[in-house]
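Hi,

Here is the structure I promised to send over. Have a look at it first, and then read on for what turned up.

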Amino acid sequence: MRAILGRLAICAAAAVVLALLPFTLSGLNQVLAARVALYFIAILGLNIVTGYTGQISIGHGAFMAIGGYTTAIMSADHHTNLIATLPLSFAIAFGCGVVVGLPASRLSGVYLALATLALAVSIPQLTLKFSHFTGARNGISVDGTVGYLWLYGVSWACAAILFVVAWLVLRGRTGRAFRAVRDSEVAAASSGVSLVLYKTLAFGISAAFAGVAGSLFVLATNGYAQPDEFSIFLSLYILIGAAVAGLGSLWGVMGGAAFVALLPNISQSAPLIRSIPVGGQDIAAGLVVVLVMLLLPTGLAGLLQRMALAASALRRRSGIPTAERG
Amino acid sequence: MRWKFGFLAFAAGVALIATVTSATGAQKLDPGVTAKTIHIGGTFPFSGPAALYSAIPLAERAYFLYVNAHGGVNGRKIQFTYYDDGYDPSKTVPLTQKLVEQDKVFADYGSLGTAPVLATRAYLNAKKVPQVLVATGDSYWGTDYKKYPWTIGWQPDYPGEAKIYAQFINSKIPQAKIGILYQNDAYGQNYLNAFKSGLGASGQSKIVSAQSYDVTAPSVQQQVVALKVAGANTFVLFSTPAATIQALVIATKIGWHPTEFVNNVSATETFMALATKAGGNVEGAITAGYVLDPNSAAETSKPGAVLGKHILDLYDGGKSIFDTNDMYGLASAWTMVQALKNAGNPPTRAGLMQALLSLNLKGNPWLYPGFTEKTSATDHFPVEQLVLARYHSGGPAGIGSFDPFGRVFNNTH
């Protein structure tokens, strides 16, 4: 109980900081902070399917594309309120996730990774096929413009809501089933956990998160959706973010999101990375992933956990009663 | 006493006038302008699928450094900041916001690619930041000026180019049986429609087949074979580099030797050399160009080519081969410097747009000799002339060249 209260306190403190933060940021940094929020949502979603259910997906950029185009098309062609397009993106991406998740539940490991890779490559190309609908290479723009503070507020509000949703899903019976599937499919099935149901559900929820992230991604790109934005690299960066964050825990996600969102801007200013003539950003990302995998195989979340363990060990040794004993 | 009061009143009046004039004299400088510098910036692909175009911003930077070494623009040095957006609009947007809000550039200059420019156009216009001489050949930059007055392009637009091929075929190849390969999107269709309208009603009957391909298609073999089977003797390509190279190679391999027309963006020496290497016979392929070809025997000793190589040697170190992308960068940067010189002293953003809309420039050393850059309040297309050029493989430095021939075409809007 104490542990839950502690976590709630951390969440409340984070909420206060996030609510006050925009007033100290310039417009430009408000947009950057909004990008952190949207990657936070995407990585959170990927974590549900990959970290908690053990199904590797390299295709989450495709679900972001579905969400992003939902927002752009609804706003451009039907003048739907931008906020109203967000739940729609959630629903449509959920549907697509379930459709993909059903056959994917028969695949596992590297085969599933390849199937989702195919998804990431093919979905953005589909937009070229239906040019009257999506604007093909010329893209499609939402109706109206998006303010920086609005973008920040909406992005972090979505992030907060979806964080609570993820927490509620993962803490109870469903989360236990997800983890059982991850740890041993045979054991899970023999304990009465339906593999097809839970794998598909995990895919659906995860895709829905990515869909909302995709909508916010388009809004943060001046409301402009275009196939090149949703390249395979977007999927890879989300996976990188999840690896940096640490799979199977919700607490490192913020670090992974900040890494992915801020890297393009940092790499264009940092003197060392900038001096690399071509692809400095990708090289930096690759190096960080290698270092994280070597030094922190469980990501930032693992680091936090280890620090908490070390702190309690220290307290025990110095004779201060720990929370559990006191 | 009385005259003393009068004197005081007079003095006060003079002082007042002096303050007012000095207040107007010390006017506020536009962002990015100081007494010594003008800061401009742009986004370009240094990585990703279009990274080959990174030669363009490097040549532009070389020219600005050269101008700075020779006194700058009205005594101000040009500072040019460029960022790598990898041709991805979702990266272009935050980098452009960074240029405007953090680096506080005076203008967004030369940014490359249709989608990246479309993604940032509304933002820059809302902020009233000039988005000038963008490096893309779509027509929007010249036609949408009422809605986006702060945006202007530079190079000839794609439809204008297509019409020139049509005019040439109508007048010089009367017995043409035309086969067209075009990319199935707005880019290819813009070309195709302008080409058809350029041919006119009678000319259109010469088209024996028009085949489209999807940009994702792994091969265009089927389409090329269909064009040969239809009996075409004139092959017109409105495609992007990868498909162009493939189509030219396939044509040779199936024993089809038509007269080939290759659109400008796919017709650089580099792409033609790749096609030759893969077994394609591209000798004599025709394109329409507007910048000097430094590898063409007729142009390699032109003052522009010589000066260009000198500047690139000094400030874009160590390149052994120059191609039309280098010349493109120099020519565009030259135009920018001319516009900055006429943008007022100190230059203002409004002044820059005014200067770009009243261009009447002759003698850009890196455009085809004799080409002019002209704009007006209603004509927002700076370069509107093109000349046809024929490909000859194996010029100096082992690289082929596009050698211009025939008259200059005016593509006025």
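Before the burial figures, one cut-off: a residue is called buried if 20 or more other C-beta atoms lie within 10 Å of its own, exposed if 12 or fewer, and partly exposed in between. By that rule, 53% of the 413 residues of chain B count as buried. Keep in mind that this is a predicted model, so everything below is computed from predicted coordinates.

Chain B overall

If you take the contacts in chain B between residues at least 6 apart in sequence, 70% of them join residues at least 24 apart.

The chain is divided into two domains, and each is made of two segments: domain 1 takes in 37-156 + 302-373, and domain 2 takes in 159-289 + 388-410. Their centres, taken over C-alpha atoms, are 29 Å apart. Where they meet, 9 residues of domain 1 of chain B are in contact with 12 residues of domain 2 of chain B. The domain 1 side of that contact has 3 nonpolar, 5 polar and 1 charged residues.

The sheet and its helices

Next, the open sheet in chain B. There are 5 strands in the order 2-1-3-4-5, with parallel pairing. Strand 2 and strand 5 of chain B are the edges, each pairing on one side only, and the twist averages 25 degrees from one strand to the next. Strand 1 (residues 37-44) of chain B pairs with strand 3 of chain B in the parallel sense over 2 bridges; Ile40(B) has Ala107(B), in strand 3, as its bridge partner.

Two helices to look at here: helix 2 (residues 55-69) of chain B lies across strand 1 and strand 2 of chain B, at about 165 degrees to strand 2. Helix 3 of chain B also packs on the sheet, touching strand 1, strand 2 and strand 3 of chain B, and its direction makes about 175 degrees with that of strand 1.

Where the chains meet

Helix 13 (residues 349-356) of chain B has Arg349(B), Leu352(B), Met353(B), Ala355(B) and Leu356(B) as its buried residues. They cover an arc of only 160 degrees around the axis, so they sit on the same side of helix 13 of chain B. They pack against strand 3 (107-109), strand 4 (131-134), strand 5 (151-153) and helix 12 (324-341) of chain B.

Helix 8 (residues 221-229) of chain B is another case, with Gln223(B), Val224(B), Leu227(B) and Lys228(B) buried. Their arc is only 140 degrees, which puts them on the same side of helix 8 of chain B. The buried residues of helix 8 of chain B pack against strand 6 (178-183), strand 7 (207-213), strand 8 (234-238) and helix 9 (241-253) of chain B. Helix 8 of chain B is followed by Gly231(B), whose phi is positive, near 85 degrees.

Backbone details to check by eye

- A cis peptide bond joins Asn345(B) and Pro346(B), with omega about 5 degrees; Pro346(B) is in the loop between helix 12 and helix 13 of chain B.
- Asn74(B) is not a glycine, yet its phi is positive, about 45 degrees. Its place is the loop between helix 2 and strand 2 of chain B, and it counts as partly exposed because it has 14 C-beta neighbours inside 10 Å.
- Lys104(B), in the loop between helix 3 and strand 3 of chain B, also has a positive phi, near 50 degrees. With 14 C-beta neighbours inside 10 Å, Lys104(B) counts as partly exposed.

Cheers

Note on methods. Residues are numbered from 1 along each chain as its sequence is written. Chains are lettered from A and ligands numbered from 1 in the order in which they are written. This is a predicted model: local features need pLDDT of at least 70, side-chain atom pairs count only at pLDDT 80 or more; totals for chains, interfaces and linings use all residues. Helices (H or I, at least four residues) and strands (E, at least two) are DSSP runs, numbered from the N terminus. The arc is that of the directions from the helix axis to the C-beta atoms. Two residues are in contact if their C-beta atoms, placed from the backbone, lie within 7 Å. Domain bounds come from an automatic or database domain assignment. Ala, Val, Leu, Ile, Met, Phe, Trp, Tyr, Cys and Pro count as nonpolar, Asp, Glu, Lys and Arg as charged, and the others, Gly among them, as polar. Two strands pair if DSSP finds at least two bridges between them. Axes are lines fitted to C-alpha atoms, for helices over the stretch in contact, and angles run from 0 to 180 degrees between N-to-C directions.
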